[in-house]
Amino acid sequence: MKGKEKMEAYTGFAEVYDMFMDNVPYVDWAGYLCEVLREYGISDGLVLELGCGTGNLAMRLADAGYDMIGVDASPEMLEIAMDKKVGGGYDILYLLQDMREFELYGTVRAAVSVCDSINYITEPEELVQVFGLVNNYLDPSGIFVFDFNTDYKYRELLGNQTIAEDREESSFIWDNYYEEETGMNEYELTLFIREEDGRYGKYQETHVQKGYTLEEMKEFIQKSGMEFVAAYDAYTKEPPSGRSERISVVAREKGKSAG
């Protein structure tokens with residue numbers, strides 16, 4: 001066993017992210033996003049993905065005909081995304097940027113963010129800042145579609161518990177801690193990754209997210225200058241409920257003149 005190494009979120013985990021996320025229905029999510037975007041008249045053109053990770057969604061949206069830009073703060077995740085881009089012959093622009101202060105060369109027709117990337121923004125004023133930047137870089141009446149984990153999910157389903165999974169190439173232990181007073185959810189991830197020499201390296205990461213309500217999201221959208229359009233129980237067209245674990249939101253650019 002190699003020595004323990006303490007890391008930021010999505011550093012060591014980047015190596016095995018796709019393995020442990022193989023249950024995420026990226027194909028279905030991409031289909032849903034395409035349907036929503038086309039509903040608002042966006043069937044091609046530039047689309048921004050915030051928190052693009054290893055590029056699983058960006059590639060599928062590129063396959064659907066969109067010109068993709070992916071933004072992520074993890075160099076390790078983007079390195080994997082770049083390898084996939086080259087291997088698959090994709091023309092995707094990946095930018096190593098924090099979504100709280102991202103910069104683009106121009107505007108985009110739409111923006112998307114999936115897999116609770118928004119929950120990593122734990123300060124409300126910073127989330128308003130993110131939404132404000134999205135509003136700034138959207139074309140007039142452009143659309144932003146994102147999902148977020150609800151406070152219900154963190155409180156009732158994750159709570160204070162330990163989750164573990166063991167696979168031949170790697171294993172993980174997820175110790176989850178939820179603080180109801182603040183809505184903060186922290187999980188310590190211990191990874192055991194099989195190295196080329198057959199031994200297992202031990203790594204640790206800490207992830208911090210915040211649970212939000214739909215009403216809070218509506219308030220943040222309004223404060224950012226955008227317009228709230230719709231919300232659904234995640235990746236459906238059903239209205240969200242008090243037991244929704246994840247909610248999909250559609251917001252629209254506001255403030256620019258189409259002329």
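Visitor: Where is the place of Ser141?
Guide: Ser141 sits in strand β6; helices (H or I, at least four residues) and strands (E, at least two) are DSSP runs, numbered from the N terminus. This is a predicted model, in which local features need pLDDT of at least 70, side-chain atom pairs count only at pLDDT 80 or more, and totals for chains, interfaces and linings use all residues. Residues are numbered from 1 along each chain as its sequence is written, and side-chain values use heavy atoms, with hydrogens and water left out.

Visitor: What phi does Ser141 take?
Guide: Ser141 has a positive phi of about 65°, although it is not a glycine. Ser141 is partly exposed, at a relative accessible area of 47%. Buried means under 20% relative accessible area, exposed over 50%, and partly exposed in between (1.4 Å probe, protein chains only).

Visitor: And Cys115, buried or exposed?
Guide: Cys115 is buried, with a relative accessible area of 15%. Its phi is positive too, about 55°, and Cys115 is not a glycine. The residue is found in the loop between β5 (108-113) and α5.

Visitor: How confident is the model, what's the mean pLDDT?
Guide: The mean pLDDT of the chain is 90, and 90% of its residues reach 70 or more; pLDDT is the predictor's confidence in each residue, from 0 to 100. Over residues 1-12 the pLDDT is below 50, yet in the model this stretch has 40 contacts beyond near neighbours in sequence. Contact means heavy atoms within 4.5 Å. Where pLDDT is low, the predicted coordinates should not be read in detail.

Visitor: Different topic. Which residues of helix α7 are buried?
Guide: In α7 (residues 214-224) they are Leu214, Met217, Phe220, Ile221 and Ser224.

Visitor: Why are they on the same side of α7?
Guide: Because they cover an arc of only 120° around the axis, the arc being that of the directions from the helix axis to the C-beta atoms. The face turned away from the buried side carries the exposed residues Glu215, Gln222 and Lys223.

Visitor: What covers the buried residues of α7?
Guide: The cover includes α5 (124-137), β6 (138-149), β11 (227-233) and β12 (246-252). Just after α7, Gly225 takes a positive phi of about 105°.

Visitor: Now the strands. How many bridges join β7 to β8?
Guide: Five bridges join β7 (residues 162-166) to β8 (residues 170-179), and the two strands run antiparallel. Two strands pair if DSSP finds at least two bridges between them. Ala164 has Ile173 in β8 as its bridge partner. The two strands form a hairpin with three residues between them.

Visitor: In which sense do β8 and β9 pair?
Guide: β8 and β9 (residues 184-194) pair in the antiparallel sense over 10 bridges, and Tyr178 stands opposite Asn185 in β9. They form a hairpin with four residues between them, and Gly183 in the turn has a positive phi of about 75°.

Visitor: What is Glu245 in contact with?
Guide: Leaving aside neighbours within four places in sequence, Glu245 is in contact with Phe148, Asn149, Thr150, Tyr152, Lys153 and Leu157. Glu245 lies in the loop between β11 and β12 and is partly exposed, with a relative accessible area of 40%.

Visitor: How many helices and strands does the chain have?
Guide: Seven helices and 12 strands. Of the 259 residues of the chain, 50% count as buried.
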